[in-house]
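This report describes one protein chain for a reader who has not seen it before. Please look over the sequence and the model first.

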Amino acid sequence: MARIPTSERAYLRSLLEDQGLPLDRLTTEHGWALDEARIPWRLGQSLDSLLDSLTADQADALAEALRDDEMEEI
């Protein structure tokens, strides 16, 4: 069972997609955002399993890291 609402999962997926990151498995490309949000992860892990494991605070930290990076590109 997901620890964050479906709408939050969809929002995180859209932020990841906006960054051009793969949406199936975690790659080294995801590392910067997950490390910045201090979320433990492993290479090749399913994105869905990661999202299922997030707490609300972790989801917020990941969204902030992804949004901050988007703002730096503008």
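Predicted model: local features only at pLDDT ≥ 70, side-chain atom pairs only at ≥ 80, totals over all residues.

A salt bridge is a side-chain nitrogen of Lys or Arg within 4 Å of a carboxyl oxygen of Asp or Glu. The side chain of E8 is buried but has no salt bridge.

**Overall make-up**

The chain has four helices and zero strands. Along the sequence, the pattern reads α-α-α-α. Of the 74 residues in the chain, 36% are buried. The accessible surface is about 4500 Å², and carbon and sulfur atoms account for 48% of that surface. Among contacts in the chain with a separation of 6 or more, 55% are between residues 24 or more positions apart.

E8 belongs to helix α1, which covers residues 6-18. Leaving out residues up to four places away in sequence, E8 touches A59 and D60. E8 and D60 are 52 residues apart in sequence. Helix α4 spans residues 56-73.

Helix α2 runs over residues 28-36, and H30, G31, A33 and L34 are buried in it. Just after α2, R38 has a positive phi of about 60°.

One is A65. Is A65 buried or exposed? A65 counts as buried because its relative accessibility is 3%, and the limit for buried is under 20%. Which residues does A65 touch, not counting those up to four places away in sequence? They are W32, A33 and E36.

The other residue is Q58, also in helix α4. Apart from its neighbours within four places in sequence, Q58 is in contact with I39, P40 and S53.

| Pair | Separation in sequence | C-alpha to C-alpha distance |
|---|---|---|
| E8 and D60 | 52 residues | 9.0 Å |
| A65 and W32 | 33 residues | 8.8 Å |
| Q58 and L34 | 24 residues | 9.3 Å |

**The negative patch**

Which residues form the negative surface patch? The patch is made up of E36, D57, D60, E64 and D68. Helix α4 gives the most to this patch, with four residues. D68 is a residue of helix α4. D68 counts as partly exposed because its relative accessibility is 35%, which lies between the 20% limit for buried and the 50% limit for exposed.

D60 is touched by E8, and E36 is touched by A65.

Key
Residues numbered from 1 in each chain as written. Heavy atoms only, no water. Helix = DSSP H or I, 4+ residues; strand = E, 2+ residues; numbered from the N terminus. Buried < 20%, exposed > 50% of the residue type's maximum accessible area, 1.4 Å probe, protein only. Contact = heavy atoms within 4.5 Å. Areas by Shrake-Rupley, 256 points an atom, 1.4 Å probe, with all protein chains shown as cover. Patch = residues over 30% accessible without salt bridge, like charges linked within 9 Å, V, L, I, M, F, W, Y side chains within 5 Å. Lys, Arg positive; Asp, Glu negative; His and termini not counted. Charge placed at Lys NZ, Arg CZ, Asp CG, Glu CD.
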